[in-house]
Amino acid sequence: TMATPRKSAKKVSKSTSQSKKAGLVFPIGRIGTALRKGRYAPRVSKSAAVFAAATLEFLTSEVLEVAAKAVLQRGKSKRITPRALTLAVRHDADLGALLKDVTLSRGGVVPKVEKALDAKKKSKATKKKSLLESLTTPTSTTTMATPRKSAKKVSKSTSQSKKAGLVFPIGRIGTALRKGRYAPRVSKAAACFLAGTLEFLTSEVLEVAAKAVLQRGKGKRITPRALTLAVRHDADLGALLKDVTLSRGGVVPKVEKALDAKKKSKATKKKSSATPKVERRRAAFGTASDPSNHTRADAASGAPPPDSSSRRFN
């Protein structure tokens, strides 16, 4: 008996994703969903999600490429860290201009040393090197010691401030933040950011105060008085520290225009009214007490000059 023919199974077509169609790695569907949920516009087309995905993928590949080159050049490790990303972005012209207002978490700050300070450090390093060479060079009379076994290299731990290129202690600031309990959780990036901000403000205040001291020319020491005057005369620092009172800083001298005009008018009136009176008094006392005046008058009348002893007792 012939078997009944079975029905042919339907071919199931495999669905290809939008990212695969566009030749991208970033998920176009998820990016389109995020655009629609964000409600950045009343209507969002499919091409907008494709364009955003392609742009993000291109930027990510560029940043990773530059960061990988920076890591390989440094040669310390083979891992791309937030610090490596920050340095790579800041040293690249196009990426630095695009991400100039972006702060990466745990990325630190780009180290920057002034030329004058760098020259001083180099001169001190060369002096120390020359001293060490002079001490370690053997003389003709001394005998060479037997070489010892090389000790194991101890890896020196670098501080967080040194890694971030700062002077203010990040560790101490983080401890103070955690002890103060200003928030339930305090990240390491918060301490780094706060240390950078405090260091920047301190350098600004000291720079303005040093300029004020040099302009006055009275001394070369930055006193609390100089700090107060410098802060109050600066627009940005004055607005930031308007409610801050420095100890022993004094007050900024300020005289109202109306009072100043009254004082000036009173001074001129006193001067004009006092001069004729003073001259009259001087003339009166001069004729009564000056013996030269008597002698001139007697000489003019022809009488003999009076005796000083008779004038004294009379």
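Predicted model: local features only at pLDDT ≥ 70, side-chain atom pairs only at ≥ 80, totals over all residues.

**Entry 1: a helix pair.** I began with α9 and α10, whose axes come within 8 Å and cross at roughly 105°. Angles from 65 to 115 degrees count as roughly perpendicular, so I noted α9 as roughly perpendicular to α10.

Next I wanted to know which residues make the contact. On the α9 side I listed V205, V208, A209, A212, V213 and R216. On the α10 side I listed R225, A226, L227, L229, A230 and V231. By class, I wrote down ten nonpolar residues, no polar ones and two charged ones for this contact.

**Entry 2: the second largest pocket.** I stayed with these helices and turned to a pocket. The second largest pocket holds about 170 Å³ of space. Its lining consists of V205, L227, T228, V231, R232, L241, V244, T245, L246, G249 and G250. Which helix gives the most to this lining? I found that it is α10, residues 224-233, with four residues. I sorted the lining of this pocket into six nonpolar, four polar and one charged.

**Entry 3: the largest pocket.** I then looked up the largest pocket, which has a volume of about 2000 Å³. It is lined by 46 residues, and the closest to its centre are R83, G108, V109, A164 and G165. I checked which elements give two or more residues to the lining, and they are α3 (46-74), α4 (82-91), α6 (115-136), α7 (160-164) and α9 (188-216). The largest share, eleven residues, comes from α9. My class tally for the lining of the largest pocket reads 17 nonpolar, 14 polar and 15 charged.

**Entry 4: two positive phi values.** I finished with the backbone. R106 is a residue other than glycine, yet its phi is positive, near 60°. I placed R106 in the loop between α5 (93-98) and α6. Is R106 buried or exposed? Exposed means over 50% relative accessible area, and R106 is at 57%, so I put it down as exposed.

R181 is not a glycine either, and has a positive phi of about 55°. I found R181 in the loop between α8 (170-180) and α9. With 74% relative accessibility, R181 counts as exposed.

Key:
Residues numbered from 1 in each chain as written. Heavy atoms only, no water. 1 Å grid on protein atoms, 1.4 Å probe; cavity = no way out; pocket = protein on both sides within 12 Å on 5 of 7 lines; lining within 4 Å. Points joined across faces, edges and corners; volume = space filled by probe spheres on them. Nonpolar A, V, L, I, M, F, W, Y, C, P; charged D, E, K, R; others polar. Axes fitted to C-alpha atoms, helices over the stretch in contact; angles between N-to-C directions. Parallel < 35°, antiparallel > 145°, perpendicular 65-115°, else oblique. Contact = heavy atoms within 4.5 Å. Buried < 20%, exposed > 50% of the residue type's maximum accessible area, 1.4 Å probe, protein only.
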